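Please read it with the sequence and the coordinates at hand.

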Amino acid sequence: MPLRQIPAGRPQGARDDAVQVVHYVVFPVLVTALASLTGAGTATLLQTTLSFALLQIAWASWVSWKAKPPAEKDFPLFAIIAAMFWLAYGLPLFWYREQSWRFAGSFASAEGVIRAQVLALLGIASLYVGMHLGVGRRLRTAPTLDLRDTS
C-alpha cells in the first residue's frame with residue numbers, strides 16, 4: 001500500500017481563522033492606540049471604542065475588497081466612505097482639543113460627540129445593509145437591447 005501524498009501548504013482550520021482575525025483587527029488597534037497616545041484630546045473609553053469601530057468597518061471593507069479576484073473588483077466606494085467617516089468622527093477625538101469642538105458659539109459636549117459617532121456608525125451600517133440587501137436589483141427590470149441592422 002503506497003503512502004498517501006500530503007499536499008504542501010498551510011493547514012486549514014482554526015489557524016486560518018486566527019490569521020484572518022489578526023489581519024482584520026491588528027491595524028485598527030495599532031492606529032487607534034497610536035492616535036490615542038500621540039493625541040492631545042481627552043477621549044473617553046466609549047468615544048475611543050466608537051472611533052475604533054468606525055476604523056474597523058473601513059479596514060475590514062478594504063481588506064475584503066483587496067481579497068477579491070481581479071475580475072470581481074470594482075471601485076471600493078464603501079471602504080472610502082467608511083474611511084472618510086472615521087476621518088471626520090474618529091480621528092478628531094484624539095488630535096483636537098475639546099475647545100475646538102465649537103459650533104455656533106457653543107462647545108460640543110461629550111454626549112453630543114458620542115451621539116454624532118453613534119449616528120455615523122448607524123449611517124455606515126445602514127449603507128452596508130442597503131448595499132447587500134439587493135432590493136434595487138430585484139426591483140429593476142432587465143434592460144432590453146434593440147440590435148436591429150438598419151443600414
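In this predicted model, Gln-56 has a relative accessible area of 17%, and because this lies under the 20% cut-off, the residue counts as buried. Gln-56 belongs to helix α2, and once its neighbours within four places in sequence are left aside, its contacts are with Tyr-24, Val-25 and Pro-28. Leu-55 touches Pro-28, Val-31, Thr-32 and Trp-86, again not counting residues up to four places away in sequence.

**Helix geometry**

After α5 comes Gly-134, whose phi is positive, near 75°.

**Buried faces**

In α3, the buried residues are Phe-78, Ala-79, Ala-82 and Trp-86. Seen down the axis of α3, these buried residues fall within an arc of 100°, and they therefore line one face of the helix. In α5, Val-113, Ile-114, Gln-117, Ala-120, Leu-121 and Ile-124 are buried, and the buried residues of this helix pack against α2 (45-66), α3 (77-89) and α4 (92-95).

**The pairing of α3 and α5**

The packing of two helices is described by the angle between their axes together with the distance between those axes. The axes of α3 and α5 come within 10 Å and cross at roughly 175°. Because angles over 145 degrees count as roughly antiparallel, α3 is roughly antiparallel to α5. On the α3 side, the residues that meet α5 are Phe-78, Ile-81, Ala-82, Phe-85 and Tyr-89, while α5 contributes Ala-116, Gln-117, Ala-120, Ile-124, Leu-127, Tyr-128 and Met-131 to this contact.

**The nonpolar core**

The largest nonpolar core has 10 residues in all, namely Ala-35, Leu-50, Leu-54, Leu-55, Trp-86, Leu-91, Phe-94, Ile-114, Ala-120 and Leu-121. Helices α2 and α5 each supply at least two residues of this core. Trp-86 belongs to the core and is also one of the buried residues of α3, whereas Ala-120, another core member, is among the α5 residues that meet α3.

Conventions
Residues are numbered from 1 along each chain as its sequence is written. This is a predicted model: local features need pLDDT of at least 70, side-chain atom pairs count only at pLDDT 80 or more; totals for chains, interfaces and linings use all residues. Side-chain values use heavy atoms; hydrogens and water are left out. Buried means under 20% relative accessible area, exposed over 50%, partly exposed in between (1.4 Å probe, protein chains only). Helices (H or I, at least four residues) and strands (E, at least two) are DSSP runs, numbered from the N terminus. Contact means heavy atoms within 4.5 Å. The arc is that of the directions from the helix axis to the C-beta atoms. A nonpolar core is a set of buried Ala, Val, Leu, Ile, Met, Phe, Trp, Tyr and Cys residues joined through side-chain atoms within 4.5 Å. Axes are lines fitted to C-alpha atoms, for helices over the stretch in contact, and angles run from 0 to 180 degrees between N-to-C directions. Angles under 35 degrees count as roughly parallel, over 145 as roughly antiparallel, 65 to 115 as roughly perpendicular and the rest as oblique.
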